[in-house]
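Dear colleague,

I am handing over the structure below, and my notes on it follow. Please read them with the structure open beside you.

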Amino acid sequence: MPQGSVLGPKLFSIYTKDLDQIKQNGVNVVAYADDSYVICSATDLNSLHHLASSTLGKHLEWLKNIGMVVNPEKTELVCFSKTGDDSVNMTVDGQHLRSSTSMNILGTTFDSRLSWEPQLLRATKRCQSLKPALRILAGKLNRKEFLQIVTSHFYSNLYYCSELWFHSLSCKLKRKINLIHFFPLGLIMRDFKRELSYKTLCRITQRASPVELNDFKLAKCLISLSNNCTPFSLFQDLLVNVVVETRTPLRPWFLDTSRTRIGRQSFCNRVNNVSKRLSFDWYGIDITPSTIRKNLKPIFYKYLA
């Protein structure tokens, strides 16, 4: 089938559906279109080498059965460990394959220690190349136009797939991101000597800090995930820790042995406490804690009633 045809995706999925046959204990397969990745895990290096070798043999056999061949030059191998010093050597169609220290997957760089430093280095280089252009545009555009450019071209490079790696960064790397993140905000405020604090820049430009921005991006992923799950699977764990009163069945109570104050167990009070901690002022939507409580309670009670 030609690429871009209507039936192409469905026929491709049917053609490759048997790839899951190589799954077993300690082996998982992740595929996105024609990019497939086999993940093997074991408690020691020898067991890992044996499991990876047997899995690779099954994978090569599957490719042969469907009339395809593997390209050893495009085959990558990474051994993930705490130290990052372990390596696994394998053979693909008679060619020696040695594990490398990093792997690029859909534009994201996974290093052997999962420190995400190579990923941040790539993003930093792209942003550094944009700085001269931003210096010129800062004096020719108004604040709104300039921030649109920064969001679409600068932050999109810096925070590509940051839902995955940002919260795992070390404090040192997060400080490095702060320097890059607040550079365009300092340009628009003419703060060349960096006299304004990061908090002040966020408040004046109405932009989120790196932590707030990535918390928001992660929350969007969780919301998207929850919207594609059944209500029962989402609230199963919640219902296990809920006790319904006989006198007022529509007011459930949390069962929490670590707290003795009954008022804190009330589901209404729990929703109130959560909503008071939420701060969404920075992205321009007028949502108050009372509005959040008003919207959250009917949603939860619908599943608990």
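Asn-214 is buried, because its relative accessible area is 0%, where buried means under 20%, exposed over 50%, and partly exposed in between, with a 1.4 Å probe and protein chains only. This is a predicted model, in which local features need pLDDT of at least 70 and side-chain atom pairs count only at pLDDT 80 or more, while totals for chains, interfaces and linings use all residues. Residues are numbered from 1 along each chain as its sequence is written, and side-chain values use heavy atoms, with hydrogens and water left out.

Asn-214 belongs to helix H9, residues 210-227 (helices are DSSP runs of H or I with at least four residues, strands runs of E with at least two, numbered from the N terminus). Leaving aside residues up to four places away in sequence, Asn-214 touches Tyr-159, Ser-162, Phe-166 and His-167, a contact being heavy atoms within 4.5 Å.

The largest nonpolar core has 31 residues, and Phe-146, Phe-154, Tyr-155, Leu-169 and Ile-177 have the most contacts inside it; such a core is a set of buried Ala, Val, Leu, Ile, Met, Phe, Trp, Tyr and Cys residues joined through side-chain atoms within 4.5 Å. Among the elements that give two or more residues to this core are strand E5 (102-105) and helix H3 (117-138), while its largest share, 6 residues, comes from H4. Apart from this core lies another, of 9 residues, including Ala-52 and Leu-56.

Finally, Ile-14, found in helix H1 (residues 8-15), counts as exposed because its relative accessibility is 53%.

With best regards
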